[in-house]
Amino acid sequence: MANKKKVAIVWKLVVGLIVAATVFMLFLRVYEWWQERRAHFARYEAFGIEIPTRYTIHGIDVSRYQETIDWESVKAMNVEGIKVGFTFIKATEGLTSEDRFFKRNWKRAKEAGLARGAYHFFIATKNGKAQAEHFIKTVELAPGDLPPVLDVEATYGVPYKKVRERVHEWLVTVENYYGVRPIIYANVDFYQQVLKDEFDEYPLWVAHYLQKEKPRIYRDWHFWQYSEQGHVNGIFCKVDFNAFSGDSTEFKSLLIN
């Protein structure tokens, strides 16, 4: 009799947990739908920043800080011929962290018809190869995607030479896996002081907000992050804006085939 009571209690607990999990998942779905509906009504008359119009292909980069995004609204916004044509999406950081909005953003951006790229935020105190493996486990690239990106912004007190060694580890590991050369993201000063010219053969996505026509850097670049104060339909908060250096043919040649 005692054993039957124990079994009954266990079953009640199991059923209770299943019901609770189902209710929780339903709540998350409803919450996500509500947040997306709210994002749908985030509307702006203009992008809110000065756009360098000499470039024809513009894009944004996002992470969890932009929260729930209505990607259809992002894609549809057009101000005097300027529109968002691509996006870089934060995927991972360090050895274990994954951006909590990555999977959703990765899926919805493609569904909206935007060229998408995934980036890893580099922690210089950690092993470069291990960070690359974390990115590889998280991100599945497909034809039409942009190459993977390494976002390296700080040394965290690590000597410059060691930073470069770990950056090189990440780049080589990722390139060997995906079969495409990764892009490096860095601001002008960091690239010139820390990375120097050891990585000039890699495509560069450079951050620089102090000039209107082009970033102040000695080498060629593919993408330029020219503002972190932009607005676009479908996103409640400010977002980074970027320009591609070439034309549509050059942009397509950069995509994974």
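A word on ground rules: the model is predicted, so local features are reported only at a pLDDT of at least 70 and side-chain atom pairs only at pLDDT 80 or more, while totals for chains, interfaces and linings use all residues. Residues are numbered from 1 along each chain as its sequence is written, and side-chain values use heavy atoms, with hydrogens and water left out.

Let's begin with the whole protein. Its secondary structure comes to 7 helices and 10 strands, where helices (H or I, at least four residues) and strands (E, at least two) are DSSP runs numbered from the N terminus. Of the 257 residues, 49% are buried; here buried means under 20% relative accessible area, exposed means over 50%, and partly exposed lies in between, using a 1.4 Å probe and protein chains only. The protein exposes about 13,900 Å², with carbon and sulfur atoms supplying 55% of that area. Accessible areas come from the Shrake-Rupley method with a 1.4 Å probe, and for residues only the protein chains shown count as cover. Among contacts with a separation of 6 or more, 68% are between residues 24 or more positions apart, a contact being heavy atoms within 4.5 Å.

Now to the interior. A nonpolar core is a set of buried Ala, Val, Leu, Ile, Met, Phe, Trp, Tyr and Cys residues joined through side-chain atoms within 4.5 Å. The largest such core has 59 residues, and Ile60, Leu195 and Val232 touch the most other members. Helix 5 (residues 160-178) gives this core its largest share, 6 residues. A second, separate core holds 16 residues, including Phe88, Tyr119, Tyr185 and Leu254.

The aromatic rings come next. Rings of Phe, Tyr and Trp (its six-membered ring) pair if their centres lie within 6.5 Å; planes under 30 degrees apart count as stacked, over 60 as edge-to-face, and the rest as tilted. The count by this rule is 22 aromatic pairs. One of them joins phenylalanine 199 and tyrosine 202, a tilted pair with 6.3 Å centre to centre and 45° between the planes. Both phenylalanine 199 and tyrosine 202 are buried. Elsewhere, ring pairs link Phe86, Phe88, Tyr119, Tyr185, Trp205, Phe223, Phe244 and Phe251 into a cluster.

Tryptophan 106 brings us to helix 3, where Phe102, Arg104, Asn105, Trp106 and Ala109 are buried. Arginine 108 and glutamate 111 both lie in this helix (residues 102-111), 3 residues apart, about one turn. Their side chains meet in a salt bridge (3.9 Å, N to O), a term for a side-chain nitrogen of Lys or Arg within 4 Å of a carboxyl oxygen of Asp or Glu. Arginine 108 is partly exposed at 22% relative accessible area, and glutamate 111 is partly exposed at 48%. Just after helix 3, glycine 113 takes a positive phi of about 95°.

Side chains of opposite charge can pair when their charged atoms come close. The whole structure has 13 salt bridges. In one of them, glutamate 213 meets arginine 54 (3.8 Å, N to O). This pair links distant parts of the chain, 159 residues apart: glutamate 213 is in the loop between strand 8 (204-207) and strand 9 (223-230), and arginine 54 is in the loop between helix 1 (2-40) and strand 1 (58-62). Glutamate 213 is partly exposed at 47% relative accessibility, whereas arginine 54 is exposed at 54%.

Our last stop is arginine 216, whose salt bridge with aspartate 189 has its closest N and O atoms 3.6 Å apart. Arginine 216 lies in the loop between strand 8 and strand 9 and aspartate 189 in helix 6 (residues 188-195), so the pair ties together parts 27 residues apart in sequence. Arginine 216 is partly exposed at 40%.
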